[in-house]
Amino acid sequence: MYAYILNEEYVAGMSLAPLQNNAVYLSYLVVKEGYRNQGIGTQMIQYAIGICRNSGYSHITLNVDHNNPSAERLYEKLGFVAVETENSGKIKMRMEICCYLKINNQNTTLQLFKRNAA
């Protein structure tokens, strides 16, 4: 469980759980009502992406309620894509995490991207 504390007050939190097939499940992302639309959710997700990337995971999955379009837009803006809609009405979303190495040498750039199959 990760918490976002601002002025000694809990304002947001999330949970990350490792899954099989080199994935992480992001759940319970919540931002306290008075602190929404201030970029805190974005910061939390970006932090989660960094943790997962640095730990060598290939992708992050999450579920979002179909009646929460603002959360769905946020996830899409950050690179998640819908991969399935469950019978419960939840939308399963996924983000591929690229590991890259960039070397610049006299206007030559080499980029190595690691992508695992879905």
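Which helix does Tyr47 lie in? The legends below start there, and every view shows a predicted model.

View 1. Tyr47 lies in helix H1. Helix H1 covers residues 40-54. Set aside the neighbours within four places in sequence, and Tyr47 is in contact with Tyr2 and Met14. Tyr2 is 45 residues away from Tyr47 along the chain. The C-alpha atoms of Tyr47 and Tyr2 are 9.8 Å apart.

View 2. Tyr4 belongs to strand E1, residues 2-6. Neighbours within four places in sequence are again left aside. Met14 lies ten residues from Tyr4 along the chain. The C-alpha atoms of Tyr4 and Met14 are separated by 8.8 Å.

**View 3. Helices H1 and H2 cross at roughly 45°.** H1 spans residues 40-54, and H2 spans residues 69-77. Their axes come within 11 Å. The two helices are therefore oblique to each other. The crossing of H1 and H2 is right-handed. From H1, the contact uses Gly41, Thr42 and Ile45. From H2, the contact uses Leu74, Tyr75 and Lys77. By class, the H1 contact with H2 holds three nonpolar, two polar and one charged residues.

**View 4. The largest pocket and the residues nearest its centre.** The largest pocket holds about 700 Å³ of space. Its lining has 25 residues. Leu29, Asn68, Ala71, Leu74 and Tyr75 lie nearest the centre of the largest pocket.

**View 5. What supplies the lining of the largest pocket?** Strand E3 (23-31), H1, strand E4 (59-65) and H2 each give at least two residues to the lining. E3 gives the most, with seven residues. By class, the lining has 13 nonpolar, nine polar and three charged residues.

Note on methods
Residues are numbered from 1 along each chain as its sequence is written. This is a predicted model: local features need pLDDT of at least 70, side-chain atom pairs count only at pLDDT 80 or more; totals for chains, interfaces and linings use all residues. Side-chain values use heavy atoms; hydrogens and water are left out. Axes are lines fitted to C-alpha atoms, for helices over the stretch in contact, and angles run from 0 to 180 degrees between N-to-C directions. Helices (H or I, at least four residues) and strands (E, at least two) are DSSP runs, numbered from the N terminus. Angles under 35 degrees count as roughly parallel, over 145 as roughly antiparallel, 65 to 115 as roughly perpendicular and the rest as oblique. A crossing is left-handed if the near helix is turned anticlockwise from the far one by less than a right angle, and right-handed if clockwise. Contact means heavy atoms within 4.5 Å. Ala, Val, Leu, Ile, Met, Phe, Trp, Tyr, Cys and Pro count as nonpolar, Asp, Glu, Lys and Arg as charged, and the others, Gly among them, as polar. On a 1 Å grid over the protein atoms alone, a cavity is a set of points where a 1.4 Å probe fits but cannot get out, and a pocket is an open set with protein on both sides within 12 Å along at least five of seven lines; lining residues have an atom within 4 Å of a point. Grid points are joined across faces, edges and corners, and a volume is the space filled by probe spheres set on the points.
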